[in-house]
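Here are a few notes to read alongside the structure. Have it open and follow the points in order.

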Amino acid sequence: MSHKFPEAESGPSARSLEGAEPERIPAGLAAELSARPAPSGRKRELYPDVPVVLDGEFVEDLERMNAEVTRPLFMTRLVYDSSLALGAFTNREAMLAEARRTHADAEESSLGASLEAICTQPPDSLPTQVCFFEDINEGGDVKCVDAGLGYPDLSKVHRGFLGTQDWIFVISSLSQCRFDVSLFDLLEWHGDEFFQPKGCNTPDLGRFRWNDLAVSIANWGT
């Protein structure tokens with residue numbers, strides 16, 4: 001179900017049916033994400049359906065982690081003890097390195113099954129465009145984004161036959177893509193990040209409690 005910011009207007013009389021166009025991802029955004037200082041608090045608590053591994057350590061007490069970790073987390077799908085897990089990192093470069101290591105061998109059947117994803121490595125044969133879906137397993141409405149582009153505010157991206165709905169708090173699955181892709185839970189590529197490495201899809205963001213959470217998105221084109 002789609003949510004709205006309190007200040008957002010809705011309805012065909014208040015909105016253009018054309019909607020917002022994707023924007024070129026700002027140069028240096030990736031470096032900026034890694035360098036952002038820790039804020040005073042996080043937007044939401046994290047309670048996924050899979051185990052959480054924080055900076056390489058299994059989290060036994062999620063309530064304590066949610067209370068103590070006060071900066072945005074950089075997250076990606078990992079395998080822990082042969083099972084699907086959510087890797088959460090306080091350092092983005094560490095997240096990227098672990099994601100690369102995990103997915104480098106994702107074409108192996110055992111690892112692919114554990115990741116609960118379809119992976120193609122190397123990803124050179126895949127589309128350069130990534131598609132975001134309203135429902136799990138790539139169902140429902142779809143919005144596709146070309147390489148190097150993103151949306152800093154999904155509330156301005158119209159959805160549905162008449163364009164009277166939007167894409168904020170809607171995305172539940174992602175297609176395979178030749179490039180890295182990210183979801184953010186705040187405007188302008190801020191807040192917590194869910195990172196999908198190049199080559200794999202994400203059929204169910206709900207497993208990580210990332211369904212219906214994306215506020216801004218990026219197809220990095222790299």
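1. Start with Arg 209 and Asp 49: they form a salt bridge, with the closest N and O atoms 3.0 Å apart. Arg 209 sits in the loop between S13 and strand S14 (216-219), while Asp 49 is in the loop between helix H1 (29-35) and S2, so the pair ties together parts that are 160 residues apart in sequence. Both ends are partly exposed: Arg 209 has a relative accessible area of 41%, and Asp 49 comes in at 45%. Keep in mind that this is a predicted model.

2. Now compare Arg 92 and Glu 193, whose side chains meet in a salt bridge at 2.8 Å, N to O. Arg 92 belongs to helix H3 and Glu 193 to strand S13, so this pair ties together parts that are 101 residues apart in sequence. Are these two buried or exposed? Arg 92 and Glu 193 are both buried.

3. Asp 180 is in the loop between strand S11 (173-174) and S12, 80 residues from Arg 100. Asp 180 counts as buried, at 3% relative accessibility, whereas Arg 100 is partly exposed at 38%. The count of salt bridges comes to 10, and Arg 44, Asp 185 and Asp 192 are linked in a network of them.

4. Next, the sheet. It's an open one of nine strands with mixed pairing, in the order S1-S8-S14-S12-S13-S4-S5-S2-S3. Strands S1 (23-24) and S3 (57-58) stand at the edges with a single partner strand each, so one side of each has no neighbour in the sheet. Helix H3 (residues 92-103) lies across S4, S5, S12 and S13, at about 35 degrees to S4.

5. Follow S4 (residues 74-80) through its pairings. With S13 (residues 190-196) it runs parallel, joined by three bridges, and Phe 74 has Glu 193 as its bridge partner there. With S5 the pairing is antiparallel over seven bridges. S4 and S5 form a hairpin with two residues between them, and Asp 81 in the turn has a positive phi of about 55 degrees.

6. How many residues of S5 are buried? Six of the seven are, so S5 is largely enclosed by the rest of the structure. The largest nonpolar core has 37 residues, and Phe 132 and Leu 183 are among those with the most contacts inside it. S5 gives the most to this core, with three residues. Phe 132 has contacts with residues including Trp 167, Ile 171 and Ile 217.

Conventions:
Residues are numbered from 1 along each chain as its sequence is written. This is a predicted model: local features need pLDDT of at least 70, side-chain atom pairs count only at pLDDT 80 or more; totals for chains, interfaces and linings use all residues. Side-chain values use heavy atoms; hydrogens and water are left out. A nonpolar core is a set of buried Ala, Val, Leu, Ile, Met, Phe, Trp, Tyr and Cys residues joined through side-chain atoms within 4.5 Å. Buried means under 20% relative accessible area, exposed over 50%, partly exposed in between (1.4 Å probe, protein chains only). Helices (H or I, at least four residues) and strands (E, at least two) are DSSP runs, numbered from the N terminus. Contact means heavy atoms within 4.5 Å. Two strands pair if DSSP finds at least two bridges between them. Axes are lines fitted to C-alpha atoms, for helices over the stretch in contact, and angles run from 0 to 180 degrees between N-to-C directions. A salt bridge is a side-chain nitrogen of Lys or Arg within 4 Å of a carboxyl oxygen of Asp or Glu. Lists of a residue's contacts leave out its neighbours within four places in sequence.
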